[in-house]
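Here is a friendly walk through one chain, from its overall layout down to a few single residues. Please have a look at the sequence and the model before reading on.

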Amino acid sequence: MESKQIYLRFLNLIHALDGQANAPVMDLDAKKLLEVIAVRHASEKPLTVTDAMGLNAIASPATIHRKLDQLRELGMIDTVFEGKNRRTKYLVPTKMAHDYFSQVGQVMQQALANT
C-alpha cells in the first residue's frame, strides 16, 4: 500500500475514533496545542502557560487561552508548579490525554497493519 493510502486510512480511522461517544470533543487548534504540550512534557521540557501563549503558529494568544481552558475542562491537561516556584505554571498532559494518545497509537498501528 502506498504512503498516501496509509495516511488516508489513518485519517479515516482517526475520524471514527473522534466520533465515538467517549471521545473528547476537541477542535484542531486544541488538538495541536495538546500535542505540543505532550511532546514538550515527554522531552522533559514542559511548556509554561506563558510559552503556550506565544505559540502563534497555532493561534492567537486569546484563542490559545480559550483552548487551554477547554483542554483543562476536558481533563486533558493540568497545570503544576515545580519546586518552590509558585509563579510559573507548567502544562502537563493528564492520564486521560495519555489514554487518548494510546488510542491514536493503536489507530496508527491498525492503519499500518494492512499494508
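How many helices and strands does the chain have? The chain has five helices and three strands, taken as DSSP runs numbered from the N terminus, with helices being H or I of at least four residues and strands being E of at least two. This is a predicted model, in which local features need pLDDT of at least 70 and side-chain atom pairs count only at pLDDT 80 or more, while totals for chains, interfaces and linings use all residues. Residues are numbered from 1 along each chain as its sequence is written, and side-chain values use heavy atoms, with hydrogens and water left out.

**Overall layout**

Along the sequence, the elements follow the pattern α-α-β-α-α-β-β-α. The C-alpha atoms fill a box of roughly 50 × 30 × 25 Å along the principal axes. Of the 115 residues in the chain, 32% are buried; buried means under 20% relative accessible area, exposed means over 50%, and partly exposed lies in between, with a 1.4 Å probe and protein chains only. Contact here means heavy atoms within 4.5 Å. Counting contacts between residues at least 6 apart in sequence, 59% join residues at least 24 apart.

Axes are lines fitted to C-alpha atoms, for helices over the stretch in contact, and angles run from 0 to 180 degrees between N-to-C directions.

| Pair | Angle | Axis distance |
|---|---|---|
| Helix 2 (residues 28–42) and helix 4 (residues 61–74) | about 75° | 10 Å |
| Helix 2 and helix 5 (residues 95–113) | about 105° | 12 Å |

Angles under 35 degrees count as roughly parallel, over 145 as roughly antiparallel, 65 to 115 as roughly perpendicular and the rest as oblique. Helix 2 and helix 5 are therefore roughly perpendicular to each other. In that pair, Lys-31, Leu-34, Glu-35 and Ala-38 of helix 2 meet Ala-97, Tyr-100 and Phe-101 of helix 5. By class, this contact of helix 2 with helix 5 has five nonpolar, no polar and two charged residues. The classes put Ala, Val, Leu, Ile, Met, Phe, Trp, Tyr, Cys and Pro as nonpolar, Asp, Glu, Lys and Arg as charged, and the others, Gly among them, as polar.

The contact of helix 2 with helix 4 has seven nonpolar, two polar and two charged residues.

**Two helices with a buried face**

Which residues of helix 4 are buried? They are Thr-63, Ile-64, Lys-67, Leu-68 and Leu-71. Seen down the axis of helix 4, these buried residues fall within an arc of 140°, so they line one face of the helix; the arc is that of the directions from the helix axis to the C-beta atoms. They pack against helix 2, helix 3 (49–53), strand 2 (77–82) and strand 3 (85–93). On the other side of helix 4, Arg-66 and Glu-73 are exposed. Just after helix 4, Gly-75 takes a positive phi of about 80°.

In helix 1, the buried residues are Ile-6, Phe-10, Leu-13, Ile-14 and Leu-17. Viewed down the axis of helix 1, they fall within an arc of 105°, so they line one face. An α-helix has 3.6 residues a turn, so residues three or four places apart point the same way. The buried residues of helix 1 pack against helix 5, while Lys-4, Asn-12 and His-15 are exposed on the other side of helix 1.

**Three residues to look at**

Lys-67 sits in helix 4 and is buried, with a relative accessible area of 14%. Leaving aside neighbours within four places in sequence, Lys-67 is in contact with Asp-27, Asp-29, Ala-30 and Leu-33.

Met-26 belongs to the loop between helix 1 and helix 2 and counts as buried at 10% relative accessibility. Not counting residues up to four places away in sequence, Met-26 touches Lys-31, Leu-34, Leu-71, Leu-74, Met-76 and Tyr-100.

Is Glu-44 buried or exposed? At 72% relative accessibility, Glu-44 counts as exposed. Glu-44 lies in the loop between helix 2 and strand 1 (47–48), and its phi is near 60°, a positive value in a residue other than glycine.
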